[in-house]
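Let's take a walk through this fold together.

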Amino acid sequence: MASMLLARRLVCSFQANHHLLVPGSRHISQAAAKVDVEFDYDGPLMKTEVPGPRSRELMKQLNIIQNAEAVHFFCNYEESRGNYLVDVDGNRMLDLYSQISSVPIGYSHPALAKLVQQTQNVSMFINRPALGILPPENFVEKLRESLLSSKERGQRGFSKEELETCMINQAPGCPDYSILSFMGAFHGRTMGCLATTHSKAIHKIDIPSFDWPIAPFPRLKYPLEEFVKENQQEEARCLEEVEDLIVKYRKKKKTVAGIIVEPIQSEGGDNHASDDFFRKLRDIARKHGCAFLVDEVQTGGGCTGKFWAHEHWGLDDPADVMTFSKKMMTGGFFHKEEFRPNAPYRIFNTWLGDPSKNLLLAEVISVIKREDLLTNAAHAGKALLTGLLDLQARYPQFISRVRGRGTFCSFDTPDESTRNKLILIARNKGVVLGGCGDKSIRFRPTLVFRDHHAHLFLNIFSDILADFK
């Protein structure tokens, strides 16, 4: 049995939300009582447009060195605190994007500042080992504190023929297996991962790839309670296509060795499926002998109200492999014992398991427990989602398909142009948002995002929509 993933779950109870909507008013939310967070600001403070003159000058300088077209603005991280990101022009913005979901407990959290200043931790940060061969003495202890526990896999030895043929990219050393993924997925940009990524053409153009199966991901209709039958049929259609592809590729001698899926497709447009869909997908993987890989890089770390989004599925055996990164401060994966490599250097890179990042992660997890931030994510997420639904009712011409779990919320705009304009206007009003998919706006606040931050955003965005042309 696979006692995998996190042996000790960070699960907290859900609390009822108590915020009130204000009927008939332009501002849709009352200000909630503030939680006293010593490192947070009171609200946005804008001095220039964004990017401002200093940012534009730095972008110009950077563009001489490298392509800087992806840079939005330059930041002053020394002045950034909690949920607020300050740029080099002195603009203070409420950040609901948090570096694409990568800042777990806010900017400049006192607990992390204290951690890096402690004398006993200095060595961990300045003497960065090549961990594959030279880990520090306390590495095992710190792994237990940060990543808790994981299981891996073993397999038979390699034949002489396999060792020889793999060097010239031929079978049996390089078997013609395949990995099934979903349209709209994002799993990374290295060559194997890119073969399972299908969210933006710019990620894949000009790069050779593999003939691997791509299944449709459910496209649910909202509100969910009004389209129960249609959504059930849509999920059944997608699951049927998964099985058909597995059979088809087996006949092509490209056996599907694994299925990879995100609990919520993030880059592809914040696409959700029901818990039942994932339970049935897990059953299909087990039925056909496919490894089941769950990508929690963006959904993991507490933003959905549970530490891992797959916990919502209610399965005892939810995955064979689960990947993580972003809010986890380091990148890696949990896996079952039978997936443990049977030889060194099978999975290897210079900086794998950086001990300083594990140290930070251990403190992040401690803060999550101490401040009950999973309950907070569920509570603040409900305030945010309820407010977005009210905005949808008021401005259906601009907002549709409001959806979310915890603070992992999003909605659709009419088109890409409208989406991009709204994001730009919001930024100049002191709110950082992100886009995904063709026309969606997504929310990825930190775990210290509270009810009053949600109401602050909702009031600012309500004004934006009221004046939007």
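Keep in mind that this is a predicted model. In total 38 residues line it, and if you want to find its centre, look for Leu 224, His 272, Leu 385, Gly 404 and Arg 405, which lie nearest. The elements giving two or more residues to this lining are α9, α10 (275-287), α12 (373-394) and β9 (400-405). Of these, α12 supplies the largest share, with eight residues.

Now turn to the sheet. It's an open one of six strands with mixed pairing, and the order runs β4-β3-β5-β6-β7-β8. The edges belong to β4 (214-215) and β8 (332-335); each has a single partner strand, so one side of each has no neighbour in the sheet. Further in, β5 (residues 256-261) and β6 (residues 291-295) pair in the parallel sense over four bridges, and Val 261 stands opposite Val 294 of β6. Helix α9 (residues 228-251) packs on this sheet and touches β3 (178-182), β4 and β5, with its direction at about 160 degrees to that of β3.

Last stop: a helix pair. α3 (residues 110-117) packs against α11 (residues 355-370) at an angle of about 145 degrees, the axes being 10 Å apart. The crossing is right-handed. From α3 come Ala 111, Leu 112, Leu 115 and Val 116, while α11 brings Leu 359, Leu 360, Glu 363, Val 364, Val 367 and Arg 370. By class, that contact has eight nonpolar residues, two charged and no polar ones.

Note on methods:
Residues are numbered from 1 along each chain as its sequence is written. This is a predicted model: local features need pLDDT of at least 70, side-chain atom pairs count only at pLDDT 80 or more; totals for chains, interfaces and linings use all residues. Side-chain values use heavy atoms; hydrogens and water are left out. Axes are lines fitted to C-alpha atoms, for helices over the stretch in contact, and angles run from 0 to 180 degrees between N-to-C directions. A crossing is left-handed if the near helix is turned anticlockwise from the far one by less than a right angle, and right-handed if clockwise. Contact means heavy atoms within 4.5 Å. Ala, Val, Leu, Ile, Met, Phe, Trp, Tyr, Cys and Pro count as nonpolar, Asp, Glu, Lys and Arg as charged, and the others, Gly among them, as polar. Two strands pair if DSSP finds at least two bridges between them. On a 1 Å grid over the protein atoms alone, a cavity is a set of points where a 1.4 Å probe fits but cannot get out, and a pocket is an open set with protein on both sides within 12 Å along at least five of seven lines; lining residues have an atom within 4 Å of a point.
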